[in-house]
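Biologist: I'd like a walk through this model, one feature at a time. Could you give me the general idea first and then the case in hand?

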Amino acid sequence: MIAIKRLTGAALMLGWGLMLVVGASAQAEPKRVVALGGEITEIVYQLGAQDQLVGRDTTSTYPEAANELPDVGYFRQLGAEGILSLKPDLILATAAAGPPEVLEQIASTGVQVEKLPSEHSAESLLEKVARIAKVLEIPEAGDKLASSLRQQLDEASASIAAMGDKPKVLFIIGTGGGDVMAAGEETAANSLIKLAGAENVFADHKGYKTMSLESAAVAAPDAIALMEHTLKAMGGVDKIADHPALKLTPAAQTQRIVARDGTYLLSFGPRLPEAMTDFAKAIRTEGRSSH
Amino acid sequence: MSLRNLHEAQERSRRILLLVLAAMLSVSSFLALAVGPVPIGAGDIWAALWPSEDLSRDAQIVQQIRLPRLILGLCVGAVLGVCGAALQGLFRNPLADPGIIGVSSGAALAAGLVIVTGNTFASGFMEWAGNYALPLGAFAGSMIAIVSIYALSQRAGTTSGASLILAGIAINAMAGAALGYLTFLSSDNQLRQLTFWTLGSLGRITWDSLVPVAVLMTIAVALTLRKAAALNTYLLGEREAGHLGLNVERMKKTLIVLGALGVGSAVAVSGIIGFVGLAAPHIIRLFAGADHRIVLPGSALLGALLVMCADLIARTAAAPAELPIGVLTSALGGPFFLWLLGRYRRELF
Amino acid sequence: MALELKDVSVVAGRKALIEGVSLSVHPGKLTVILGANGAGKSTALSVLAGDSVSAKGEARLDGVPLSSLSPQALAERRAVVLQHAPINFAFKVHEIVSLSRPALRSESNRTYAIEERALHELDLAELAGRSYPTLSGGERQRVQIARALAQLWHHEETGQSSYLLLDEPTAHLDLKHQFVALEAARRFAQQNGGVLCILHDLTLAREFADEIILMRNGNIAAKGGAASILTADTIAEIYDLPAHRAENLALSLSAPMLQ
């Protein structure tokens, strides 16, 4: 029994040794990559490097195929060993991933941990593309994707600028009891609203804060935006139209209530140009007239 | 009847209990090193126990992740078990648990204050205290909580069970409200850290952050263990203990400081892990009676064992993701508390 | 040599619990305090025990003020049994008795012998292995008396006089064990210990007291031997009883006791 164990141990070590040797000699050898952050997984797919992915976080649900990968948990509450069990040699993590100690632990076992910017902007998207392409050693694919994204972003901005008006938008992030939790300054939703040429009615607050019903009514947003799952939790468009405070807003009266998938709308990944244009249109046109 | 026989039989069964616990703890410690989402061979585990520059990936996982986590689990479990038993003695109430009576939330609130406001309002302290800033803050918080609970629940020299639990509810509610206000003030990142305190986890420990709290927790456990005989006398009653020659006031102060030190450091690194401090002493008393000379060391071993087992489940049940350990212990401990409440109903109300 | 109060007053809020009380407990004697509820008996006992820090006047042990003695030094010389001792934790009877041991003294043949003697003295030999919270009120009371006796016996070898203070030790005891407890107290007194005992049962007081102290409204109303103290007049006064009831009581007390 002990002999067998020793043998297996020796075999394991030998295997590791071989892998290390192989890894050192052939640089083009595919890496084992864990992507932490929905937009990062999307970029890896867009770069055509998805074969190297061995794991993802819970928010990485696009494209569909990503759901097949093992899920290591929500990217803000990671466990070191779960990730290490996938035997990665590269972690691509959004800067918001954590707890930081866990990433430290992973790095201390010799795994490369690449922290990527998490700002909600077009520039940050392009920087992420470039950095990921660089660590995956596929710079050409990176350049190609970046220039295509830049072109799409420019087109999207131009078409949004052409829309002219500046509607007022309330982005609801959740509800607790009767109150609503809204997105203020320095949030992904705020950046999206700006990119869509609109005005955030809650911009005088920082972060995600509870908004009193009265101020929600007084703010008089032209459109209410939220993530699909929030809309579901709130009970659908009709519930919002009936909401004691929200029903007083122009948005509720015209049923201009825009619900989209959260990662699509707010992750600032490669689908950003599409999301920008779609969102910009929806907050201006969606509602009773178009239903 | 012979007291010598009675005593020796008791000693024998206690030694057996401690041996069994120590054996189970050794097994679970080995499992903590050996079992995890990453399968690791015995050779790598052995290699990881010795300092070396040249370790395989698997050995590094053991050395950098599992080993500090194991030590943290042992310390936190022992501290919670011992401090739970000592607080029950101090309040002369078998339902006192650091979590239930609000000592842990006091510590968590103070830790939250350090995180959210420390750099703005007390940057000098933060710089001076370094890795000790969180444990020291948590220590102060749990100290304030214990002293207020003690003052609130004391009635004519004895602690009434119901008023202790009610005082705990009040402290928990106030700490909860203050933590809620902190979340309102905090940035996104600070918010994540705050959530951590309320759920509890052993998963964030690194060697650097382990050392200071491990030292503090070891001190708290070692000094509390020395109070066993005094706690026995104290349980006769405060006046009775004084008549037997015990310096009651000094002992109470010592226990308050040690309890705050232990619970504070545990909460600082692992968040709120509930019910271990309640369950461990009770199970030991069930097997070995109320003598603190067995209850304290037994609770240290059993508390460590409970935390190790809970953490083993937390690490493996949802792999590769992790469950928060505090959620697990509370899920198991809640029903246990209700059962105890039923048992002590008559004495309490 | 005595444990004594000299002109002691204790005030709680605006109410004087005892006022200018002087009394002594002498080695070799069993002193009984009688009095109605609220007369100040327990307060006087707690000052003698060294508890009451707010007391005016002086409490002294063989001439030394109690306040100058450390808790440990005091514990070697006097033991106290209070009225109720609720314990929520499952100690065994022998463990409770072993708490009488001075700190740091561990098990030895001598400590076993002392504690066994105390258990025998209170008829507790059979209960040594029982869990304290499962005992009846009377059994618990006997365990506490045994614990107090053992506490003083652990220091027997010093040869100094020691004092046993009992607050209603017979309150929950059945008839037989009322005698067991008070006979143990009397034997302790006969071995040159001083005993102070608060009682409500006049028959027991007459049977066991070497001296009786009557307390009324925080003062000492009378002191003396049973025969001179337990008269119809004093009983009527102390307990605020109608004359005919006090007379009946005094009469029954003077009748020879049935063995």
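Biologist: In what kind of crossing does α3(B) pass α9(B), left-handed or right-handed?

Modeller: Some ground rules first. This is a predicted model, so to speak of local features we need pLDDT of at least 70, side-chain atom pairs count only at pLDDT 80 or more, and totals for chains, interfaces and linings use all residues. Residues are numbered from 1 along each chain as its sequence is written, while chains are lettered from A and ligands numbered from 1 in the order in which they are written. Helices (H or I, at least four residues) and strands (E, at least two) are DSSP runs, numbered from the N terminus. A crossing is left-handed if the near helix is turned anticlockwise from the far one by less than a right angle, and right-handed if clockwise. Here α3(B) passes α9(B) in a left-handed crossing.

Biologist: At what angle do helix α3 and helix α9 of chain B pack?

Modeller: Axes are lines fitted to C-alpha atoms, for helices over the stretch in contact, and angles run from 0 to 180 degrees between N-to-C directions. Helix α3 (residues 57-90) and helix α9 (residues 207-225) of chain B pack at about 30 degrees, with their axes 9 Å apart. That makes α3(B) roughly parallel to α9(B) (angles under 35 degrees count as roughly parallel, over 145 as roughly antiparallel, 65 to 115 as roughly perpendicular and the rest as oblique). Residues touch when their C-beta atoms, placed from the backbone, lie within 7 Å; the contact includes P68(B) and I71(B) of α3(B) and W207(B) and L210(B) of α9(B).

Biologist: How many residues does the contact between chain C and chain B take from each?

Modeller: The contact takes 30 residues from chain C and 27 residues from chain B. On the side of chain C that touches chain B, α2(C) gives the most, with 4 residues. No contact joins chain A and chain C, whose closest C-alpha atoms lie 41 Å apart.

Biologist: Now sheets: what is the strand order in the open sheet of chain C?

Modeller: Strands of a sheet pair through backbone hydrogen bonds, either parallel or antiparallel. DSSP must find at least two bridges for two strands to pair. The open sheet of 4 strands has the order β2-β1-β4-β5 (chain C), with antiparallel pairing. β2 (15-25) and β5 (64-65) of chain C stand at the edges, each with a single partner strand, so one side of each is left without a neighbour in the sheet. Strand β1 (residues 3-12) of chain C is joined to β2(C) by 7 bridges, and L3(C) stands opposite V25(C) in β2(C).

Note on methods. Contact = placed C-beta atoms within 7 Å.
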